[in-house]
Amino acid sequence: MRYHRTGGPDAEAWDTASSDRPDLPEAVQDDVDRVADVIAAGFRGPVWHQMADELYAYSFNRLCAVMRRTDKLMTLTAKSKTPLSMTHEDRGTLYRNAPVREHLAILTLNVAMESFPELLKKGGYDPARNRGEDGRAARLTSYFYGRCGLVFPRVFYTWRDELTDRFLLHAVRMPGEILAHALGQAGPEPVPNDVAVLCDTLTAMINDLKPRDRAVWWLTVDNLSQGEIAGVLGIKVGDVENARFRLRSQARRLRKLGELYVPPSIEAEWARARALAKAKARKKAA
């Protein structure tokens, strides 16, 4: 039953059935009345648009904030039929990358809103009967935010699969000859054995990386800049730097252990490249 505080056909029902009237806070009762209004309007017109805008605005900021906190995100999604499971890399991406959080928030809001009108028509929002764990009647904004938590895992997995597909598109298995060419060793003359061994070792290390890091190094070998790689893969420049740093750190560790031998010719080429880069930086600074 819908309860009005103003006159009209239902006003008498308010008085005669006062014993059955739910004890709801005024703001919550306003939400109940507004839901009845938008249902009567067929979810069209300014009343519905205003309500939808308020639900989006309320939930967007909260979704962006909660994605930075794994514990809070797990609490939000705890009642979802799709359990949320994230890797350490997933958590790091959500914590550091604001554009990703905003993108996921928008996707989640859109999915939650698709079924929301039908849910309201079926009486899904019933704060008099369905109170929170603290016994309080929920506002409509909180109810919609809760719905966002239920759909978030599905949205997240779809987004992650699409992103992985993008990485896999570029994370092809690299043959040693490509790396030898990138090191300036490929040509009409046979590649020296020590250079071939180095190329094979580095190639194996790259091919064993996760798809995103492998894609970063494949594009690095293709001589793309960090900014260009970030644009191609849809990630931040910092993520590109981190991917490069991880492999370089592994290579330095193996060199210290004597498990990665770098031929003098390659050492000389790397030294020359570093000198040119420093000279270029000094010239630019001047």
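Biologist: How do the axes of α11 and α12 cross, and how close do they come?
Modeller: This is a predicted model, to start with. In it, the axes of α11 and α12 cross at roughly 110°. They come within 8 Å.

Biologist: Which residues make the contact?
Modeller: From α11, Q226, G227, I229 and A230. From α12, V237, V240, E241 and R244.

Biologist: And how do they divide into nonpolar, polar and charged?
Modeller: Four are nonpolar, two are polar and two are charged.

Biologist: Let me step back. How many helices and strands does the protein have?
Modeller: There are 13 helices and zero strands. Read along the sequence, the pattern is α-α-α-α-α-α-α-α-α-α-α-α-α.

Biologist: How much of the protein is buried?
Modeller: Buried residues make up 37% of the 286 residues.

Biologist: Now the inside. How many residues are in the largest nonpolar core?
Modeller: It has 53 residues. L104, L140 and F156 have the most contacts inside it.

Biologist: Which elements give two or more residues to this core?
Modeller: They are α2, α3, α4, α6, α7, α10, α11 and α12. The largest share comes from α7, with 13 residues.

Biologist: Why would such residues gather inside?
Modeller: In soluble globular proteins, nonpolar side chains tend to be buried together.

Biologist: Back to F156. What is it in contact with?
Modeller: Leaving aside neighbours within four places in sequence, F156 is in contact with L84, S85, M86, D90, L94 and L104.

Biologist: What other core lies apart from the largest one?
Modeller: Another core has 14 residues. Among them are L202, L260, V262 and I266.

Biologist: Where is C199, and is it buried or exposed?
Modeller: C199 is found in helix α9, residues 193-207. It is buried, because its relative accessibility is 2% and the cut-off is under 20%.

Biologist: Next, N97. Where is that one?
Modeller: N97 is in the loop between α5 and α6. It is buried, with a relative accessible area of 5%.

Biologist: What does N97 touch?
Modeller: Not counting residues up to four places away in sequence, N97 touches K236 and D239.

Biologist: S59 next. Buried or exposed?
Modeller: S59 is buried, at 0% relative accessibility. Its place is in helix α3.

Biologist: And which residues is S59 in contact with?
Modeller: L109, T141, F144, Y145 and C148, leaving aside neighbours within four places in sequence.

Biologist: Let's look at α2. What span should it have, and what does it have?
Modeller: Its 15 residues should span 21 Å, at 1.5 Å a residue. The end C-alpha atoms are 21 Å apart, which agrees.

Biologist: Which residues in α2 are buried?
Modeller: V28, Q29, D31, V32, D33, V35 and V38.

Biologist: What comes just after α2?
Modeller: G42 does, with a positive phi of about 70°. F43 has a positive phi too, of about 55°, although it is not a glycine.

Biologist: Why point that out?
Modeller: Because most residues other than glycine have a negative phi.

Biologist: Where does F43 lie, and is it buried or exposed?
Modeller: F43 lies in the loop between α2 and α3. It is buried, with a relative accessible area of 13%.

Biologist: What about N223, what phi does it have?
Modeller: N223 has a positive phi of about 75°, and it is not a glycine. It lies in the loop between α10 and α11.

Biologist: Is N223 buried or exposed?
Modeller: N223 counts as exposed, because its relative accessibility is 68% and the cut-off is over 50%.

Notes: Residues numbered from 1 in each chain as written. Predicted model: local features only at pLDDT ≥ 70, side-chain atom pairs only at ≥ 80, totals over all residues. Heavy atoms only, no water. Core = buried A, V, L, I, M, F, W, Y, C linked by side-chain atoms within 4.5 Å. Buried < 20%, exposed > 50% of the residue type's maximum accessible area, 1.4 Å probe, protein only. Helix = DSSP H or I, 4+ residues; strand = E, 2+ residues; numbered from the N terminus. Contact = heavy atoms within 4.5 Å. Axes fitted to C-alpha atoms, helices over the stretch in contact; angles between N-to-C directions. Nonpolar A, V, L, I, M, F, W, Y, C, P; charged D, E, K, R; others polar. Expected span 1.5 Å × (residues − 1).
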